[in-house]
Amino acid sequence: MRNKSIDRKSQIISEATRLFSEDGYDKVTIKQLAFSCGITEPALYRHFPSKEAIYENVLESIENRLSANDLFENLEIENDLEKFLKRFAHHIIEYFTSNEDIYRLLMFSALRGHPKSKKVFQIIRGSYVRFLKQQLDRFYEEGIVIKKNNEITARCFTGMVFDCALSFTLWRGFLGRNYKPEEVVANNVPIYVKGLIN
């Protein structure tokens, strides 16, 4: 019985993630969500007391979906700045173009001013910024890069890459020609490397 309850909760969170990322929190109704799950509204309320509770669970589930830990562990021992930045950028672009619902949720939560939007931002984008800043500090200590404000550099580089991921998904075709991720990384990473390398 407990496993069925867990499965049903997972299903509700999965369907809610899809609906919230497509339409935003305000437009999704409990009736719509229950129908999408193939259950009644009272059945849905047995698992979650409110739509807000479902939304909070959806936002919290994002952290479990991110797959950056393996990347971070591998990059902590990389001493070639260009290889480091290329792998870092490729990971973000590949992950967020195949999981665009995560970025949609972030944008909807921020636009709505949801209290958890800052936490979601920190989970999604902040984790990359913090890691890159730490690694740029390491590169500086090892004499590989020159002294810069590594927090600003980490924010700007990560922001550029996330913007590229958005261009391949949500903003596809808005600017005309669509560039392949490899083209973007090959063009932009050397610019950063030349500005940073000692």
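Student: What span should the 15 residues of helix α4 (residues 51–65) have, and how far apart are its end C-alpha atoms?

Tutor: This is a predicted model. At 1.5 Å a residue, helix α4 should span 21 Å, and its end C-alpha atoms lie 21 Å apart, which agrees.

Student: Which residues of α4 are buried?

Tutor: An α-helix has 3.6 residues a turn, so residues three or four places apart point the same way. In α4 the buried residues are K51, A53, I54, Y55, V58, L59, S61 and I62.

Student: How many cavities of 30 Å³ or more does a search of the whole structure find?

Tutor: Rolling a probe the size of a water molecule over the atoms shows where empty space is left. Here the search finds one cavity of 30 Å³ or more. About 40 Å³ of space lies in the largest cavity.

Student: Which residues line the largest cavity, and which elements give two or more of them?

Tutor: The lining consists of A89, I93, F157, M160, V161, C164, V184, V185, N188 and V189. The elements that give two or more residues are α6 (81–98), α9 (150–168) and α10 (181–196). By class, nine lining residues are nonpolar, one is polar and none is charged.

Student: How many disulfides are there?

Tutor: Two cysteine sulfur atoms must lie within 2.5 Å to count as a disulfide. The count here is zero. For C156, the closest cysteine sulfur is in C164, 13 Å away, which is too far for a bond.

Student: Are C37 and C156 buried or partly exposed?

Tutor: C37 is buried, with a relative accessible area of 5%. C156 is partly exposed, with a relative accessible area of 42%.

Terms used. Residues numbered from 1 in each chain as written. Predicted model: local features only at pLDDT ≥ 70, side-chain atom pairs only at ≥ 80, totals over all residues. Heavy atoms only, no water. 1 Å grid on protein atoms, 1.4 Å probe; cavity = no way out; pocket = protein on both sides within 12 Å on 5 of 7 lines; lining within 4 Å. Points joined across faces, edges and corners; volume = space filled by probe spheres on them. Helix = DSSP H or I, 4+ residues; strand = E, 2+ residues; numbered from the N terminus. Nonpolar A, V, L, I, M, F, W, Y, C, P; charged D, E, K, R; others polar. Expected span 1.5 Å × (residues − 1). Buried < 20%, exposed > 50% of the residue type's maximum accessible area, 1.4 Å probe, protein only.
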